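This note sets out points on the structure shown below, for a reader concerned with its ligand site, its strands and its charged pairs.

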Amino acid sequence: MASVKPNKDRGRYTNDLSAVTRQAANMLLLRPLVWRVVKVSVHGVDNLDGLDGAYVAVANHSSHLDAPLVFGALPKRLSKYLATGAAADYFFTTWWKAITPVLFFNAFPVDRGKGKSKQGARSPRSHRGMAGSLLTDGVPLLIFPEGTRSRTGAMGTFKPGAAALAISRGVPVIPIALVGAWAAMPSEQAGLPKGRPPVHVAIGHPMDPVPGEIAHEFSERIRRQVIELHDQTARAYGMPTLDEYGRHRALSQSSETSRTASTGKKSTPTNPHRPSGGS
Ligand SMILES: CCCCCCCCCCCCCCCC(=O)OC[C@@H](O)COP(=O)(O)O
């Protein structure tokens with residue numbers, strides 16, 4: 001059963017001193033670093049005029065730049081207490097892996113059903129209820145509903161949890177599309193982006209569930225809105241749309257199938273925005 005103890009475990013997410021320190025660390029350290037290694041353009045901040053109180057921000061996930069991009073793009077009044085859902089099996093296995101997401105992004109653990117459950121350790125399902133409790137406390141959430149970074153640039157399916165949370169707590173969803181983040185820093189790349197590639201953060205109008213809408217339906221509507229924001233921006237700046245990434249993946253898969261059949265060797269996905277043979 002859930003082992004979240006309300007005040008002990010959640011107090012730090014609403015702590016004022018932590019919030020001010022986090023904002024300063026983001027504004028003075030991480031934002032300048034990220035804005036230096038990629039050329040960031042933010043669109044649609046006006047769509048958030050008048051938005052107050054808790055919300056769920058939902059974005060496509062393609063790189064480790066994604067959380068810093070969202071924190072750096074949102075107005076300060078909205079990012080102050082923002083807490084980011086981070087994979088428990090990836091970021092919360094040791095204190096040193098948790099330190100960056102917790103200090104900069106107010107991260108809370110999300111279970112993906114992965115990871116080993118050692119005796120005495122938290123089970124892979126022990127953080128259930130945490131996100132809902134934070135929203136109830138008035139803490140806005142940043143959730144990447146794909147649950148994993150894109151390996152190809154295309155967008156994956158959305159888990160309906162973010163939509164379900166917004167419905168159950170009666171808060172709006174802010175749809176956000178991150179364009180160019182995969183090309184800038186794909187998951188297999190160890191270092192920082194090279195050549196200051198362009199990245200766009202497109203923020204949409206807050207979305208409310210319509211009466212009677214169930215989580216899967218709302219989630220699908222949010223996903224379509226993220227795709228729309230992504231592709232409108234991508235077309236405007238001559239960058240690949242999600243469909244183009246999807247087609248490229250399909251082509252690579254079919255050419256890989258024929259290559260594997262003839263050579264027995266496997267290849268990794270290529271980046272349609274990079275010269276072939278580039279690192
Ligand atoms: C300029 C470089 C700046 C680098 C900052 C690094 C900060 C990384 C912390 C981000 C924490 C946000 C959590 C994102 C949501 C999440 O946890 O997604 C899972 C993946 O992510 C890792 O799993 P996977 O994609 O499956 O390998």
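1. For the classes used here, Ala, Val, Leu, Ile, Met, Phe, Trp, Tyr, Cys and Pro count as nonpolar, Asp, Glu, Lys and Arg as charged, and the others, Gly among them, as polar. On that basis the shell around the ligand contains eleven nonpolar, five polar and three charged residues. The model is a predicted one, and the points that follow should be read accordingly.

2. Which residues come nearest to the ligand? Of the 19 residues around the ligand, these are His61, Ala87, Thr148, Arg149 and Arg151.

3. For Thr148, a polar side-chain atom is placed 2.6 Å from an oxygen atom of the ligand. For His61, the corresponding distance from a polar side-chain atom to a ligand oxygen atom is 2.9 Å. For Arg112, a polar side-chain atom lies 3.0 Å from an oxygen atom of the ligand. The protein buries 90% of the 710 Å² that the ligand exposes when taken alone.

4. Two or more residues of the shell around the ligand are given by each of helix H2 (16-37), strand S3 (83-87), helix H5 (88-91) and helix H6 (95-105). Strand S3 supplies the largest share, four residues.

5. Is strand S6 (residues 173-179) enclosed or open to the outside? Seven of the seven residues of S6 are buried, so the strand is largely enclosed by the rest of the structure. Buried here denotes a relative accessible area under 20%. In a regular strand, side chains alternate between the two faces of the sheet. In S6 both faces are covered: Val173, Pro175, Ala177 and Val179 are buried on one side, and Ile174, Ile176 and Leu178 are buried on the other.

6. The strand pairing of S6 can be stated for two partners. Strand S2 (residues 56-59) runs parallel to S6 and is joined to S6 by four bridges; in this pairing Val58 stands opposite Pro175. Strand S7 (residues 198-203) runs antiparallel to S6, again with four bridges, and Val201 in S7 is the bridge partner of Leu178.

7. The count of salt bridges comes to three. One of them joins the side chains of Arg112 and Asp89, with an N to O distance of 2.8 Å. This pair links distant parts of the chain, 23 residues apart: Arg112 belongs to the loop between strand S4 (108-110) and helix H7 (130-136), and Asp89 to helix H5. Arg112 is partly exposed, at 26% relative accessibility, and Asp89 is also partly exposed, at 22%.

8. Glu213 is buried, with a relative accessible area of 11%, whereas Arg221 counts as partly exposed at 25%.

9. Where do Arg223 and Glu220 lie? Both are in helix H10 (residues 215-236), three residues apart, about one turn of the helix. Arg223 is buried, at 17% relative accessible area, while Glu220 is partly exposed, at 33%.

Note on methods:
Residues numbered from 1 in each chain as written. Predicted model: local features only at pLDDT ≥ 70, side-chain atom pairs only at ≥ 80, totals over all residues. Heavy atoms only, no water. Near = heavy atom within 4 Å. Polar contact = N/O pair within 3.5 Å; in protein donor to acceptor, adjacent residues only side chain to side chain. Areas by Shrake-Rupley, 256 points an atom, 1.4 Å probe, with all protein chains shown as cover. Buried < 20%, exposed > 50% of the residue type's maximum accessible area, 1.4 Å probe, protein only. Pairing = 2+ DSSP bridges. Salt bridge = Lys/Arg side-chain N within 4 Å of Asp/Glu carboxyl O.
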